[in-house]
Amino acid sequence: MSFSIIGTGRCVPKYIMTNQEISTFVDTSDEWIQQRTGICERHICKEETITDLCVTAAKNALEDAGVTPQELDLIICATLRGELITPSEACIVQKELGATCPAFDINGACSGFMYALDVADGFFARNKVKNVLVIAADNLSNITDWTDRSTCVLFGDGSGAVVLSKGEGLRSINLTAKGNTDVLFAPRGENTSPFYKHPSERPVLHMNGPEVYKFAVTSMVRGIKKAIKDAGLTPDDIDHIIPHQANSRIIEAAAAKLPIPHEKYVFNIAHYGNTSASCMPMALDEANKAGKFKKGDYIAMCAFGSGLTTGSAVIRWDKD
Ligand code: UT7
């Protein structure tokens with residue numbers, strides 16, 4: 001026994017930062033950003049905390065599912081960095097929701113939502129849970145180097161959430177990791193120990209864009225093919241593809257190597273940028289609320305990110 005998705009939700013901060021605005025503080029242009037990434041604008045936290053984003057997305061998902069916080073048996077939050085070092089973001093959300101179940105965070109970077117789904121699957125398989133809330137949230141604007149044009153144009157803030165309940169919706173899931181601290185990383189930042197011998201570095205994202213790009217295209221093609229095969233399906237059976245929204249050129253390049261028509265791909269990068277772990281559940285929620293999924297549809301998903309990690313899955317949409 002595994003799970004089916006019975007509710008989805010999302011939340012983005014109010015403030016919208018356009019490419020034009022970014023071009024006022026780094027040497028870039030709306031044309032360059034749109035051509036090279038497909039991004040037009042992104043939402044950036046000013047007033048909101050990551051907890052605000054998580055709680056709103058969670059409440060939306062619970063409402064969509066018709067499940068109360070008291071009926072939850074587990075909360076998992078996929079995030080690079082919650083509001084506090086401790087307690088976990090999942091525990092903060094549990095308190096805000098008034099839930100009483102166990103709660104913990106997972107750091108799988110942009111693949112975090114997929115990692116969280118696979119962990120949740122284990123709880124269902126062991127018959128430990130009936131209802132699980134999985135939230136994915138990142139506010140990368142807090143760890144972006146806003147003087148580095150090669151990274152600051154890419155990211156946005158947001159959160160997405162799903163409620164999982166016992167069912168057979170998860171048809172396959174596969175995670176990978178290839179430890180690498182060079183191509184995409186962010187140092188932890190200040191260390192308060194007077195005894196520690198290593199220098200503190202600014203906690204900002206560093207990325208070798210072209211290397212991540214190559215990894216991303218290869219991983220998406222491999223991940224989607226494997227997820228479909230492991231589900232016992234063929235590409236023709238797939239109704240929707242939700243790729244990690246990192247760069248529309250990455251999605252296009254991977255799509256060109258897969259025998260699945262372009263119209264089945266979900267794209268929302270233009271308005272959000274890369275929201276890290278949140279990309280997948282935000283896209284799921286957007287498509288769900290727009291009525292794009294029919295009961296019985298097969299959705300293939302693939303994420304990749306720092307780690308270097310990947311996660312791919314096929315989910316049957318079991319919600320009416
Ligand atoms: O969740 C995973 C996280 N990250 C990713 O998935 C990112 C993967 N990588 C990418 O999406 C692309 O590599 C980027 C969008 C980051 C960069 O695109 P690219 O086509 O790979 O460009 P590049 O890094 O090879 O740079 C080409 C040129 C360089 O100038 P020169 O050396 O040719 O004169 C850069 O300095 O573009 C320049 N450049 C920019 N120009 C204007 C880099 N960023 C910008 C910018 N505006 N924002």
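**Entry 1: polar contacts across the interface**

I began with the interface of domain 1 and domain 2 in this predicted model, and across it I found 25 residue pairs in polar contact, with both residues of each pair at pLDDT 80 or more. I then looked for salt bridges between domain 1 and domain 2, and the count came to two. I also looked up the side chains of Arg10 and Glu286, which meet in a salt bridge with a distance of 4.0 Å from N to O.

**Entry 2: the two domains**

To see which parts of the chain are involved, I checked the domain assignment, which gives residues 2-168 as domain 1 and residues 173-316 as domain 2. For the contact I noted 47 residues from domain 1 and 44 residues from domain 2. The C-alpha centres of the two domains, I wrote down, lie 14 Å apart.

**Entry 3: buried area**

I reminded myself that the size of an interface is often given as the accessible area that is lost when the parts come together. For domain 1 and domain 2 I read a buried area of about 3,800 Å² between them, with 61% of it on carbon and sulfur atoms. Which three residues supply more than any others of the area that domain 1 buries against domain 2? I found that they are Arg10, Cys110 and Met114, which together supply 19% of that area.

The largest cavity has a volume of about 60 Å³, and I listed its lining as Leu80, Arg81, Asp138, Asn139, Leu140, Asn142 and Ile143. When I sorted this lining by class, I had three nonpolar, two polar and two charged residues.

Terms used: Residues numbered from 1 in each chain as written. Predicted model: local features only at pLDDT ≥ 70, side-chain atom pairs only at ≥ 80, totals over all residues. Heavy atoms only, no water. 1 Å grid on protein atoms, 1.4 Å probe; cavity = no way out; pocket = protein on both sides within 12 Å on 5 of 7 lines; lining within 4 Å. Points joined across faces, edges and corners; volume = space filled by probe spheres on them. Nonpolar A, V, L, I, M, F, W, Y, C, P; charged D, E, K, R; others polar. Domains from an automatic or database assignment. Contact = heavy atoms within 4.5 Å. Buried area = accessible area lost by both parts, 1.4 Å probe. Polar contact = N/O pair within 3.5 Å; in protein donor to acceptor, adjacent residues only side chain to side chain.
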